[in-house]
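Q: Could you go through the terms used for this model one by one, and set each value against its definition?

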Amino acid sequence: MIRRPPRSTQGVSSAASDVYKRQLQALGVVVLAVAHSLPVVLLFTVLFAVGHGGRGPIFVSIRGEFYGRNRFGTIMGIGNLITGISGVATPLVLGILFDNQGTYIPGLLGMAAITFIGGFLILFAVRPTAPGTSDGLTESIATRSRKRVRTVSNLKVAPGEPVTPTNQR
């Protein structure tokens, strides 16, 4: 049987791994900014691919740990909306910078700096708390699941409790 680490250390390791992946991604963009040969472009490809490809699953894991299953789709949708907008805006901004400056280097270095800073900011992320509670959202989800009651037709039965005529509404 595979044992999972406690949630508190799992979130920290996911955040630390996200920082590592973002730093690889940022380093790849810096390498691209100064690339003048095919081997250097290939180095960019490896660094950026490992950083970007490894970051995606980790970030999804962090979102799941922070917000739980109930709001996971909403949080992913908001995150994907932001990613989509930045995916459209970034090439436009870099194109405008190139038209004005004649080089991509300042734009690429700026994007690398933003990615690098974003990697460290994730270390300061804390689990949000559910409204009206002092525990984290994941705690309130666990509490609610223990108290959950399933309704079958007109029966009200706690999990694991047998259905009998006495627990009918």
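A: Buried means under 20% relative accessible area, exposed means over 50%, and partly exposed is in between, for a 1.4 Å probe and protein chains only. The model is predicted, so that local features need pLDDT of at least 70 and side-chain atom pairs count only at pLDDT 80 or more, while totals for chains, interfaces and linings use all residues. Residues are numbered from 1 along each chain as its sequence is written, and side-chain values use heavy atoms, with hydrogens and water left out.

Q: Why is F120 called partly exposed?
A: F120 has a relative accessibility of 38%, and because this value lies between 20% and 50%, F120 counts as partly exposed. F116 is placed in that class by its 39%.

Q: What makes F116 and F120 an aromatic pair, and of which kind?
A: Rings of Phe, Tyr and Trp (its six-membered ring) pair if their centres lie within 6.5 Å, and planes under 30 degrees apart count as stacked, over 60 as edge-to-face and the rest as tilted. The centres of F116 and F120 are 5.2 Å apart and their planes stand at 75 degrees, so the pair is edge-to-face. Both residues lie in helix α4, four residues apart, about one turn of the helix; helices (H or I, at least four residues) and strands (E, at least two) are DSSP runs, numbered from the N terminus.

Q: How do you know that the side chain of T45 reaches the backbone oxygen of V41?
A: A polar contact is a pair of N or O atoms within 3.5 Å; within protein, one must be able to donate a hydrogen and the other to accept it, and residues adjacent in sequence count only if both atoms are side-chain atoms. The distance from the side chain of T45 to the backbone oxygen of V41 is 2.9 Å, so the pair falls within the limit. T45 belongs to helix α2 (residues 38-67) and, with a relative accessible area of 40%, is partly exposed. T45 and G28 are 17 residues apart in sequence, yet 7.1 Å apart in space, C-alpha to C-alpha.

Q: What is the secondary structure of the protein, and how much of the protein is buried?
A: The protein has five helices and two strands, in the order α-α-α-α-α-β-β along the sequence. Buried residues make up 27% of its 169 residues.
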